[in-house]
Amino acid sequence: MQLYFLIPFLALLSALTPLAVDMYLPAMPSIASDFDVSIELIQTTLSTYLLGFAVGQLFYGPLADSYGRRVVLLSGLAIYGIASVGIVYGDTIEQFRWLRLLQAIGGGAASVVVSSLLRDLFSGSMFSKMMSYVVLSMTLAPLVAPMLGAQLINWFSWHSIFVTLAVLTVICFIITCVGIKETLPKEKRVPFNLRQVFSNYGMILRNNKALGLMLCGAFNVSGMFAFLT
């Protein structure tokens, strides 16, 4: 894939989760009204999404190192897209909550695999440059998403937000099938071992420098979502 196509594609992949988090914020009163529940209950689905996204990311990295980037990305996009469509047709708050969890688990694949693709394809200053584009898209998406979500509610209904997310996912899925080749050679793949995965995470958590950087990121994100709440 040419560089001028790869950049917007990776940016769109990176934006899927910020869009899923922020686009539906203006729709919370409408969703609460349709399901005949309190808006506080709808707000808990934001936490549900973040939980699924966090848990999903723990496994997509090792899976991508074992089975390749492409198949993991396609699997995550399929889960994300199916859950988005399911939300459109769901008629209870329980279905909405579980489908949001499933959507988040699928969305974690894009977030993880984008970084892996960049490491496979670029190095040095070019890697830093490409990563800056991805970070920029992740920064802009939360700013644009609520305005886009509000407009969709004005024009249609809150269901249109998840239709939009499903359409974006289909676009990403098609581009991945047609334009993205596997970037991790079979000889560089590592057999998947769940015990080893948790052992590696334990080793990272015992590294003070890594832990400090993770806490900086965690406090940053926590502040943003405290503001959103």
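Guide: A helix here is a DSSP run of H or I with at least four residues, and helices are numbered from the N terminus. The model is a predicted one. In it, L6 lies in helix α1.

Visitor: Is L6 buried or exposed?

Guide: The cut-off for buried is under 20% relative accessible area. L6 has 6% relative accessibility, so L6 counts as buried.

Visitor: Where is Q103, and what does Q103 touch?

Guide: Helix α5 holds Q103. The relative accessible area of Q103 is 0%, so this residue is buried. Not counting residues up to four places away in sequence, Q103 touches A20, Y49, Y80, A83, S84, I87, F162 and L165.

Visitor: How are two packed helices described?

Guide: By the angle between their axes and the distance between the axes. Take helix α2, residues 28-35, and α3: their axes come within 9 Å and cross at roughly 115°.

Visitor: Is the crossing of α2 and α3 left-handed or right-handed?

Guide: That crossing is right-handed. On the α2 side, the contact is made by M28, P29, I31, A32 and F35, and on the α3 side by I39, I42, Q43 and L46. Sorted by class, the contact of α2 with α3 has eight nonpolar residues, one polar and no charged.

Visitor: Where does D36 lie?

Guide: D36 lies in the loop between α2 and α3. The backbone angle phi of D36 is near 55°, a positive value in a residue other than glycine. For exposure, the cut-off is over 50%. The relative accessible area of D36 is 71%, so D36 is exposed.

Visitor: What volume does the largest pocket have?

Guide: About 1,300 Å³. A pocket is also read by its lining: 37 residues line this one, and F53, Q57, S111, M138 and V221 are the closest to its centre. The elements that give two or more residues to the lining are α1 (3-22), α3 (39-67), α5 (93-121), α6 (124-155) and α9 (208-228).

Visitor: Which helix gives the largest share of the lining of the largest pocket?

Guide: Helix α9 does, with 12 residues. By class, the lining of the largest pocket divides into 22 nonpolar, 11 polar and four charged residues.

Visitor: How many residues line the second largest pocket, and what is its volume?

Guide: The second largest pocket has a volume of about 250 Å³. Its lining has 14 residues, and the closest to the centre are G61, P62, D65, V197 and N200. Here the elements that give two or more residues are α3 and α8 (194-205). The classes in this lining are seven nonpolar, six polar and one charged.

Notes
Residues are numbered from 1 along each chain as its sequence is written. This is a predicted model: local features need pLDDT of at least 70, side-chain atom pairs count only at pLDDT 80 or more; totals for chains, interfaces and linings use all residues. Side-chain values use heavy atoms; hydrogens and water are left out. On a 1 Å grid over the protein atoms alone, a cavity is a set of points where a 1.4 Å probe fits but cannot get out, and a pocket is an open set with protein on both sides within 12 Å along at least five of seven lines; lining residues have an atom within 4 Å of a point. Grid points are joined across faces, edges and corners, and a volume is the space filled by probe spheres set on the points. Ala, Val, Leu, Ile, Met, Phe, Trp, Tyr, Cys and Pro count as nonpolar, Asp, Glu, Lys and Arg as charged, and the others, Gly among them, as polar. Axes are lines fitted to C-alpha atoms, for helices over the stretch in contact, and angles run from 0 to 180 degrees between N-to-C directions. A crossing is left-handed if the near helix is turned anticlockwise from the far one by less than a right angle, and right-handed if clockwise. Contact means heavy atoms within 4.5 Å. Buried means under 20% relative accessible area, exposed over 50%, partly exposed in between (1.4 Å probe, protein chains only).
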